[in-house]
Amino acid sequence: MMISAQNYGDKMKEYHYTGPVEHKFSPYAFNGGTVLAVAGDDFAIVASDTRLSEGYAIHSRDSPKCYKLTDTTVLGCSGFHGDCLTLTKIIEARLKMYKHSNNKSMTSGAIAAMLSTILYGRRFFPYYVYNIIGGLDEEGRGAVYSFDPVGSYQRDSYKAGGSASAMLQPLLDNQIGFKNMEKVEQVPLSLEKAEQLIKDVFISAAERDVYTGDALKLCIVTKEGIREEIMPLRKD
Amino acid sequence: MALQDVCGLQEPPLFSQWTAPLSHFFMPENTSHLNGGWSHGEDCSSWMPRGGGMSPLEFYMPVAEYLTESPLRFGQTNLISSSTNLLTVDHLRPSLPSISLPTLTPCSISPGVPLPFTLSHGTTTLGFAFQGGVIAAADTRSSCKGLVACPSSPKILPIHSHLVGTTSGTSADCALWKRILARELRLYQLRHRRRLSTGGAAKLLSHMLHPFKGTELCVAATLCGWDGETGEDEVTERYANTQASEKKNINTQREASNSRSQSEVSSGATTQPITGDDKNAMSVASRDATKNYSSVVLSRVSGPRVVYVCSDGLCLQGKLFSVGSGSPYAYSILDSSVYWGMSVEEATLVAREAVYRATHMDAYSGNNVDLYHVTAKGWRRRQREDLKEEYYKEKERERKSVEERKTEETMMVK
């Protein structure tokens with residue numbers, strides 16, 4: 001989520017003396033990063049940048065935010081890295097438990113519902129993570145599920161989350177959803193077009209968002225499996 | 001056990017004190033309340049899984065405990081391992097799965113951790129009852145401070161075949177509590193072999209939300225449903241049994257009414273309120289364990305019902321409700337146009353118009369409109385409509401009428 005102007009102002013105040021201020025310990029930190037997922041007729045793509053930052057510092061240039069859950073599902077999490085790590089650990093453990101007791105892998109829809117309850121279990125001390133799940137549903141069609149930090153979710157065709165989400169989402173609305181365009185032919189999205197679009201979109205995000213950059217990692221989910229691709233972005 | 005704790009998978013344990021970390025601190029009160037002192041007995045205990053946890057997902061009516069604890073404690077979190085902190089900590093939220101992990105550093109946080117993000121709010125929803133059923137309508141915009149988080153979020157969630165609920169407030173809270181309500185209603189239906197009425201569902205929801213009063217949970221739902229009126233064998237039998245247990249002077253009338261009951265029963269479905277004779281007749285019939293009164297109809301209150309439930313604990317029944325930031329604008333349309341005898345088409349148009357006007361004036365409402373119509377047969381969903389088009393259509397209509405008026409004037413002048 002883009003930091004609103006007010007938060008930005010507060011952040012600036014941290015670096016200028018404004019009088020005696022009480023500093024409380026905050027259990028949260030914002031580590032930046034952007035995640036994006038697009039669903040097509042028989043594919044889904046989850047993409048994220050790989051920069052891990054905190055305030056003015058960059059902790060790592062190689063910290064991707066996509067996590068492979070099953071052969072047909074990829075999870076992208078951005079926000080507070082500590083919560084991302086714990087959340088993925090918990091999800092992976094729950095997936096194993098499900099596999100052992102039910103003798104099959106969880107489907108994308110089931111993972112989404114489970115993640116919603118995991119997140120809501122911490123309603124009063126939430127995981128500061130913006131999740132997007134991309135994968136194939138039982139019929140082989142692409143599915144994207146987007147979450148808010150407390151577990152509200154729904155199925156979409158495309159969604160951007162993280163620090164540059166407010167910049168990317170309108171662009172996706174226009175290019176993939178054909179919103180706000182008159183007299184345009186609505187062709188379904190092909191895999192090549194989606195890949196190219198995502199690369200372009202992240203290049204734009206890296207230009208305008210300081211927390212996005214370094215490299216782009218794409219996880220392309222098709223019925224053949226999950227293919228990964230890395231593309232460099234601006235490093236400044 | 002450790003793995004399950006990490007994952008937050010709370011199976012209700014056989015013995016409640018096993019998994020709740022600080023539970024043995026409470027043990028004296030716990031056992032007495034759960035076992036002995038609780039007077040409502042069976043009904044509540046069937047709803048109380050004996051988990052020690054109080055995460056929102058475990059539907060646990062912590063009736064005894066919450067009376068002694070301040071509800072503000074729900075906002076507090078204690079990531080303190082159980083062994084070290086019995087003496088110093090007198091308040092807790094024992095549900096967090098992370099509590100039993102000894103590796104977390106102790107850190108106690110003041111009430112309500114300040115969140116670095118906002119949750120979705122702002123909406124227009126409405127529901128009203130009329131002779132043809134209940135109409136529930138809502139916009140579909142989900143906003144987070146200034147950003148539209150989702151332009152097509154479903155705000156009317158069906159709970160069961162004859163009940164839909166509109167959601168307003170934090171969307172995660174609403175979605176989850178609706179799920180919990182649906183689960184509990186389904187369990188009720190399976191246990192008691194009939195659907196719970198709308199009023200009953202509202203009461204259930206408000207009781208479930210009450211322990212969280214004072215926390216930042218924000219749910220404002222309008223439950224719109226049609227209460228069952230078709231006769232069911234088990235229904236009459238059950239109702240009759242309760243009547244039988246209450247009435248003590250049945251015996252004298254038994255013989256006289258027996259023959260009457262059989263003829264009444266076979267005469268067909270009726271929807272009148274139960275009179276004293278009927279009650280006796282039915283209790284007698286149930287005693288006889290005959291099941292040939294399939295056509296006897298129970299009429300408690302049945303028909304369309306709208307009840308508003310809020311996380312403050314408010315539970316109001318009425319004919320018309322509108323909730324959300326756009327509700328004042330919706331009320332102005334609804335109050336002037338809704339009346340009991342309206343037809344289904346009229347009602348649909350009015351609801352649509354109300355949402356449209358509200359989205360026009362309110363910044364936090366917008367995008368599309370969802371409309372559900374609940375009748376005795378169940379709910380039906382109208383196709384989601386984009387209100388942007390409506391705006392242009394209206395402009396077009398206005399423009400045409402202005403033009404027509406102009407041509408009329410020029411004609412008259414001539």
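User: How far is the sulfur of C174(B) from the closest cysteine sulfur?

Analyst: A disulfide is a covalent bond between the sulfur atoms of two cysteines. The sulfur of C174(B) is 7.1 Å from its closest partner, in C218(B), which is too far for a bond; to count, the two sulfur atoms must lie within 2.5 Å. C174(B) is also buried, at 3% relative accessibility (buried means under 20% relative accessible area, exposed over 50%, partly exposed in between, with a 1.4 Å probe and protein chains only).

Before we go on, this is a predicted model: local features need pLDDT of at least 70, side-chain atom pairs count only at pLDDT 80 or more, and totals for chains, interfaces and linings use all residues. Residues are numbered from 1 along each chain as its sequence is written, chains are lettered from A and ligands numbered from 1 in the order in which they are written, and side-chain values use heavy atoms, leaving out hydrogens and water.

User: How many disulfides are there over all chains?

Analyst: The count over all chains is 0. C77(A), for instance, is in no disulfide, and the nearest cysteine sulfur, in C84(A), is 4.7 Å away. C77(A) is buried too, with a relative accessible area of 1%.

User: Which residues is N131(A) in contact with, beyond its neighbours in sequence?

Analyst: Contact means heavy atoms within 4.5 Å. Leaving aside neighbours within four places in sequence, N131(A) touches L75(A), G76(A), C77(A), L87(A), L115(A), L119(A), Y145(A), S146(A) and F147(A). N131(A) sits in strand β7 (residues 129-136) of chain A and counts as buried, at 0% relative accessibility.

User: Now the rings. How do I read an aromatic pair?

Analyst: A pair of aromatic rings is described by the distance of the centres and the angle of the planes. Rings of Phe, Tyr and Trp (its six-membered ring) pair if their centres lie within 6.5 Å; planes under 30 degrees apart are stacked, over 60 edge-to-face, and the rest tilted. There are 12 such pairs over all chains. Take F30(A) and Y211(A): they are edge-to-face, 5.7 Å centre to centre with 85° between the planes. F30(A) lies in the loop between α1 (5-14) and β1 (34-39) of chain A, and Y211(A) in the loop between α5 (191-208) and β11 (215-222), so the pair ties together parts that are 181 residues apart in sequence. Both residues are buried. They also belong to a cluster linked by ring pairs, along with Y28(A), F125(A), Y128(A) and Y130(A).

User: Which rings does R122(A) lie over?

Analyst: A charge sits over a ring if NZ of Lys or CZ of Arg is within 6 Å of the ring centre and within 35 degrees of the ring normal. R122(A) lies over the face of F125(A), at 4.9 Å from the ring centre, and its charged end sits over the ring of Y127(A), 4.4 Å from that centre.

User: What about helices: what covers the buried residues of α12(B)?

Analyst: Helices (H or I, at least four residues) and strands (E, at least two) are DSSP runs, numbered from the N terminus. Chain B has 12 helices and 14 strands. In α12(B), L387(B), E390(B) and E394(B) are buried, and their cover includes α11 (344-361), β13 (368-375) and β14 (378-386) of chain B.

User: Which elements do the buried residues of α5(A) pack against?

Analyst: They pack against β1, β2 (44-49), α4 (165-175), β11 and β12 (225-232) of chain A. The buried residues of α5(A) include A194(A), L197(A), I198(A) and F202(A).
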